[in-house]
Amino acid sequence: LAFQNSRKSWRLMFPSQPDKRSTTCSLSPPLASSFLFLLLAAAPAMAKPISIEVWNPSGKYRVVSTKSMPGTRWIKLLTDNDCRLEICTEKKTILSVDDILALIGDHCHGVIGQLTEDWGEVLFSALKRAGGTAFSNMAVGYNNVDVDAANRNGIAIGNTP
């Protein structure tokens with residue numbers, strides 16, 4: 001996708017396959033600026049795909065774990081209870097809020113998070129919009145969790161001491 005500016009109009013070029021030529025259309029400056037604004041406004045939502053490992057793909061309840069955890073008993077417990085479990089396999093030590101938002105997506109029943117993640121209004125409201133009702137913090141404490149934000153969004157929280 002590319003823009004070319006002339007005095008009276010902008011040309012919008014879409015690469016096509018397989019001949020690699022471009023399809024073009026001309027836009028008036030006001031329309032071009034509106035289109036460009038919409039494109040840029042959507043850019044933050046276009047997060048890089050996050051790599052995941054999926055257990056029980058046909059499970060009724062979608063649960064996301066932001067990191068893998070030791071052992072397999074927790075995986076068996078979730079999959080035996082009809083959960084589709086998605087475990088983030090990114091090599092990052094700390095996931096960004098945008099990474100976690102991408103993991104939650106638009107349909108998620110619960111999340112297992114880590115001490116290294118700040119869970120506040122942005123993440124709890126996203127989890128609520130995705131249909132989520134539960135968050136478990138894999139940490140001794142919960143100083144990384146805004147309990148008030150979780151309560152405002154109707155998200156039950158727990159931690160694993």
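Begin by selecting Val97, Ile100, Leu101 and Ile104 in helix H3, which meet Val122, Leu123, Ala126 and Leu127 in helix H4; contact here means heavy atoms within 4.5 Å. The residues of this H3–H4 contact comprise 8 nonpolar, no polar and no charged. In this classification Ala, Val, Leu, Ile, Met, Phe, Trp, Tyr, Cys and Pro are nonpolar, Asp, Glu, Lys and Arg are charged, and the others, Gly among them, are polar.

The model is a predicted one, in which local features need pLDDT of at least 70 and side-chain atom pairs count only at pLDDT 80 or more, while totals for chains, interfaces and linings use all residues. Residues are numbered from 1 along each chain as its sequence is written, and side-chain values use heavy atoms, with hydrogens and water left out. Helices (H or I, at least four residues) and strands (E, at least two) are DSSP runs numbered from the N terminus.

**The two helices.** Display H3 (residues 97-104) and H4 (residues 121-129) together: their axes come within 10 Å and cross at roughly 10°. Axes are lines fitted to C-alpha atoms, for helices over the stretch in contact, and angles run from 0 to 180 degrees between N-to-C directions. H3 and H4 are therefore roughly parallel to each other, the term for angles under 35 degrees.

Next, colour Leu123, Phe124, Ser125, Ala126 and Leu127 of H4, which are buried. Buried means under 20% relative accessible area, exposed over 50% and partly exposed in between (1.4 Å probe, protein chains only). The buried residues of H4 pack against H3, strands S7, S8 and S9, and helix H5 (147-152). After H4 comes Gly131, whose phi is positive, near 90°.

**Strand S7.** Move to residues 110-114, where 5 of the 5 residues of S7 are buried. Gly110, Ile112 and Gln114 point one way from the strand, and Val111 and Gly113 point the other way.

Which strands flank S7? Strand S5 (residues 61-65) runs parallel to S7 and is joined to it by 3 bridges, and Ser65 stands opposite Ile112. Strand S8 (residues 134-138) pairs with S7 in the parallel sense over 5 bridges, with Val111 opposite Phe135. Two strands count as paired if DSSP finds at least two bridges between them.

**The whole sheet.** Now select the open sheet of 6 strands, ordered S4-S6-S5-S7-S8-S9 with mixed pairing. S4 (52-55) and S9 (156-159) stand at the edges, each with a single partner strand, so one side of each has no neighbour in the sheet. Neighbouring strands are turned by 15° against each other on average, direction ignored.

S8 and S9 run parallel and are joined by 4 bridges; the bridge partner of Ser136 in S9 is Gly158. Finish at Asn159, which lies in S9. Is Asn159 buried or partly exposed? Asn159 is partly exposed, with a relative accessible area of 31%. Leaving aside neighbours within four places in sequence, Asn159 is in contact with Asn137, Ala139, Val140 and Gly141. Asn159 and Ile112 are 47 residues apart in sequence and 9.2 Å apart in space, C-alpha to C-alpha.

Conventions: Parallel < 35°, antiparallel > 145°, perpendicular 65-115°, else oblique.
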